[in-house]
Amino acid sequence: MAKQDRAIRTRRTILAAAAKVFEQRGYQAATISEILTTAGVTKGALYFHFESKDDLAQGVLAEQDQRLVVPRRPCRTQELVDVVMLHAHRLRTDPMVRAGVRLSLDQQAHDLDRSGPFLRWVQVLDHLLDDARAQGELLPHVVPAETAEVLVGSFAGVQAMSQAISDYQDLPDRVCVLLRHVLPTVVLSSVLASIDLSRTRGAVVLAELDADAGADSRPALLERQPVG
């Protein structure tokens with residue numbers, strides 16, 4: 001078990017280093033050598049987990065999948081808003097998310113398949129919108145798959161603009177504006193009136209996730225306490 005834990009930690013260290021280098025350099029300019037130096041691991045350790053720079057980049061891109069999960073809400077439209085606002089918050093605070101977005105929008109990464117994050121984002125939002133429609137939260141004309149693609153494409157543009165202008169500092173405000181413009185054409189006004197669209201929503205959801213993670217870990221920690 002200790003060996004397995006060490007391997008997991010090493011993989012995370014390598015991915016964190018790769019994220020840092022990809023964010024700073026872009027895909028084309030990043031090198032395995034610089035990632036090795038940043039991670040402080042051997043070449044053998046890196047190639048045990050990742051076959052190539054492309055494999056490393058896909059690993060960074062895939063990490064975003066783990067960050068699209070939010071607590072389940074009775075109102076599925078609120079859950080959709082939470083996913084979007086949490087992602088906006090993490091773009092300001094999480095180097096792995098920033099690196100994944102940099103890679104997915106890197107026009108110079110000709111050899112890298114950058115479609116994954118966009119397709120997964122659309123899939124997540126499409127599922128939430130489909131559930132919202134089933135619960136009677138959406139306007140009759142809405143096609144969930146189309147709306148999901150509009151939201152993903154619009155978010156990509158808004159975050160790129162925010163990065164260029166303020167290094168993501170104004171991203172929560174810009175995303176709130178985007179949602180306030182789009183959602184009235186999608187969601188029933190009676191439902192929309194109950195949705196929390198505040199700029200701090202992403203931070204609130206992250207704090208909730210962190211609290212839930214801490215609660216889940218406490219029983220295991222208690223079991224390891226000595227008796228007596």
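This is a predicted model: local features need pLDDT of at least 70, side-chain atom pairs count only at pLDDT 80 or more; totals for chains, interfaces and linings use all residues.
Helix H7 covers residues 115–134, so to speak a run of 20 residues, and it reaches 28 Å from its first C-alpha to its last. That is close to the 28 Å expected at 1.5 Å a residue.

Which residues of H7 are buried? They are Gly 116, Pro 117, Trp 121, Val 122, Leu 125, Leu 128, Leu 129, Asp 131 and Ala 132. Look at how the numbers are spaced along the helix. An α-helix has 3.6 residues a turn, so residues three or four places apart point the same way.

| Helix packed against by H7 | Residues |
|---|---|
| H4 | 53–63 |
| H5 | 76–93 |
| H6 | 95–104 |
| H8 | 144–166 |

Just past the end of H7, Gly 136 takes a positive phi of about 75°.

Two of those partners, H4 and H6, also meet each other. Their axes come within 8 Å and cross at roughly 120°, and the crossing is left-handed. On the H4 side you'll find Ala 57, Val 60, Leu 61 and Glu 63, while H6 brings Met 96, Ala 99, Gly 100, Leu 103 and Ser 104. Sort the residues of this contact by type and you get 6 nonpolar, 2 polar and 1 charged.

Now for the nonpolar cores. In soluble globular proteins, nonpolar side chains tend to be buried together. Here the largest nonpolar core has 41 residues, and Val 84, Leu 125, Val 175 and Leu 179 have the most contacts inside it. Leu 125 is also one of the buried residues of H7. The elements giving two or more residues to this core are H5, H6, H7, H8, H9 (171–182), H10 (189–192) and H11 (201–223). Which element gives the most? That's H5, with 8 residues.

Zoom in on Leu 179 for a moment. Leaving out residues up to four places away in sequence, Leu 179 touches Val 81, Val 84, Met 85, Leu 151, Pro 184 and Leu 197. There is also a second, separate core of 24 residues, including Ala 17, Tyr 27, Ala 30 and Ile 32.

Finally, step back to the whole chain. How many helices and strands does it have? The count is 11 helices and 0 strands. The C-alpha atoms fill a box of roughly 60 × 55 × 30 Å along the principal axes. Of the 228 residues, 44% count as buried. Among contacts between residues at least 6 apart in sequence, 69% join residues at least 24 apart.

Terms used:
Residues are numbered from 1 along each chain as its sequence is written. Side-chain values use heavy atoms; hydrogens and water are left out. Helices (H or I, at least four residues) and strands (E, at least two) are DSSP runs, numbered from the N terminus. The expected span of a helix is 1.5 Å times one less than its number of residues. Buried means under 20% relative accessible area, exposed over 50%, partly exposed in between (1.4 Å probe, protein chains only). Contact means heavy atoms within 4.5 Å. Axes are lines fitted to C-alpha atoms, for helices over the stretch in contact, and angles run from 0 to 180 degrees between N-to-C directions. A crossing is left-handed if the near helix is turned anticlockwise from the far one by less than a right angle, and right-handed if clockwise. Ala, Val, Leu, Ile, Met, Phe, Trp, Tyr, Cys and Pro count as nonpolar, Asp, Glu, Lys and Arg as charged, and the others, Gly among them, as polar. A nonpolar core is a set of buried Ala, Val, Leu, Ile, Met, Phe, Trp, Tyr and Cys residues joined through side-chain atoms within 4.5 Å.
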